[in-house]
Amino acid sequence: MIGGGIHFMKYLKKSDPHIAKLIVAETKRQQETLDLIPSENIVSSAVREALGSALTNKYSEGYPNKRYYAGNAVIDDIELLAQERAKKVFRLGSEWSVNVQALSGSPANMAVYFALLKPGDTLLGMSRPFGGHLTHGDAVNFSGQIFKSVLYTVAHDGYLDYGEVHKLAKQHKPKLIVAGASAYSRIIDFEKFAKIAHEVGAYLLVDMSHISGLVVAGVHPSPFPHADVVMTTTHKTLRGPRGALIFSRNDKMIASRTKEGKEISITRAIDSAVFPGLQGGPHDNQTAAIAVALGEAMKPAFRVYGKQIVKNAKALAKNLQKLGFKIISGGTDNHLMLIDMTPLGMSGREAQDKLESVGIIVNRNTIPYDTRSAFDPSGIRIGTPSLTTRGMKEKEMALIAGFLHATVQGESIGTLKKQVLALCRKFPV
Ligand SMILES: Cc1ncc(COP(=O)(O)O)c(C=O)c1O
């Protein structure tokens, strides 16, 4: 059965069979493949119901109790509940506020930059080929074009080099330092980042998009004692719909953009940057779905889930290493790992394609000091959030490591495909 029971897409199948057919095909693909992409997850049916609700019909520019449209009493309750839960999940006090309206991670980072920086100001972030995100100052992204970006890397052992971050900060005096990554498998020391930021008078933004679910579960140190602003997407380890949360210290002040330049809190500056600075109306169905996901993340079962993500990643790394795979930095502390495929005689792209042919979905990725291009890099990036949501544990990680090994060794695609499918059926989405 394709997700959602007998009424699944009852209306869509009649009114637009073409799109309905494509959605069925994608649902089947998700059910019949192993998703090892570390930035993906599987949301609950409750989250999907909120996403597909009547809330999508509403316009509510502005913030709770300060809207530019009538009819927003219910929407106000939903947004306030999302804010309240976001703060509860991360156990935050009254010095923190949260904006739940940014449409996704990239616009959320953009809002933070527009609130705290002026065009041409310097920001210090992690280099993308070394594991950072596009929005942390990459040359092809607005963040590297509107601002002067300085980029830190990782050392040859694959670990962050805090000495380098310190040196670059002293040399370039950034106004903002971004800590956080898209492809880094080790614990990030937010305290060290904060010390550097304080020394040079920079704001510290922690982009915990990848690891926020692990922070909830207590398996990654929290950035909140150290950062001025914390951003997270809601759709990765946090297991919600697409979206973002921007937490900020409401006791930190900044000069406003008005002629008088009077001091306002960074929270107010961020709220204004999101709306009206960058967006019109929020996506209220998405806000409700975020609130539902946060409600799920507050339950004890989510802590168990977050812990299992890390246990699974460690088990997967260990089994792969036993089979001869070269894991960058020698292992993982979180939900993901990078593998250098070149010692096995193939590029990341070849590995990605071969694995897809047997039903294992990974993404190709540069490795630190990669000599190949981002389009055809040396590595792949794999992770365990989605497999863990399906209920898989260490035993299945050993099996999957075996599948990866057999695939790159060129064993029969037909046989492997059947084995992968059998495992998927045992752990349905
Ligand atoms: C660290 C980090 N920040 C921001 C983003 C951007 O999120 P989105 O894809 O929702 O724009 C991502 C997503 O890949 C990410 O990994």
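**Entry 1: domains**

I looked up how far apart the two domains sit: the centres of domain 1 and domain 2, taken over C-alpha atoms, are separated by 30 Å. The model I am reading is a predicted one. The domain assignment puts domain 1 at 54-297 and domain 2 at 308-426. I then checked the contact, to which domain 1 gives 19 residues and domain 2 gives 20 residues. On the side of domain 1 that touches domain 2, I noted nine nonpolar, six polar and four charged residues.

**Entry 2: the sheet**

I turned to an open sheet of seven strands with mixed pairing. Reading across it, I wrote down the order E4-E10-E9-E8-E7-E5-E6. Which strands stand at the edges? They are E4 (96-99) and E6 (148-152); each has a single partner strand, so one side of each is left without a neighbour in the sheet.

As a reminder to myself, strands of a sheet pair through backbone hydrogen bonds, either parallel or antiparallel. For E4 and E10 (residues 244-249) I found the antiparallel sense, over four bridges. I located Ser-97 and saw that Ser-248 in E10 stands opposite.

I followed H10 next. Helix H10 lies across E4, E9 (229-233) and E10, and runs at about 150° to E10.

H10 (residues 266-278) also meets helix H5 (residues 105-116), and I noted that their axes come within 8 Å and cross at roughly 120°. Because of that angle, H5 is oblique to H10. I recorded the crossing of H5 and H10 as right-handed. From H5 the contact includes Pro-107, Met-110 and Phe-114, and from H10 it includes Ile-266, Ile-270 and Val-274. How many residues of this contact of H5 with H10 are nonpolar, polar and charged? I have 13 nonpolar, one polar and no charged.

**Entry 3: helices H4 and H11**

Two packed helices are described by the angle between their axes and the distance between the axes. I looked up both values for H4 (residues 73-89) and H11 (residues 284-297): the axes come within 9 Å and cross at roughly 35°. I noted that H4 passes H11 in a left-handed crossing. Among the contact residues of H4 I listed Ile-75, Glu-79 and Arg-85, and among those of H11, Asp-284, Ile-290 and Leu-294. I sorted the residues of the contact of H4 with H11 into eleven nonpolar, two polar and three charged.

How values were computed. Residues numbered from 1 in each chain as written. Predicted model: local features only at pLDDT ≥ 70, side-chain atom pairs only at ≥ 80, totals over all residues. Axes fitted to C-alpha atoms, helices over the stretch in contact; angles between N-to-C directions. Helix = DSSP H or I, 4+ residues; strand = E, 2+ residues; numbered from the N terminus. Left-handed = near helix turned anticlockwise from the far one by under 90°. Contact = placed C-beta atoms within 7 Å. Nonpolar A, V, L, I, M, F, W, Y, C, P; charged D, E, K, R; others polar. Parallel < 35°, antiparallel > 145°, perpendicular 65-115°, else oblique. Domains from an automatic or database assignment. Pairing = 2+ DSSP bridges.
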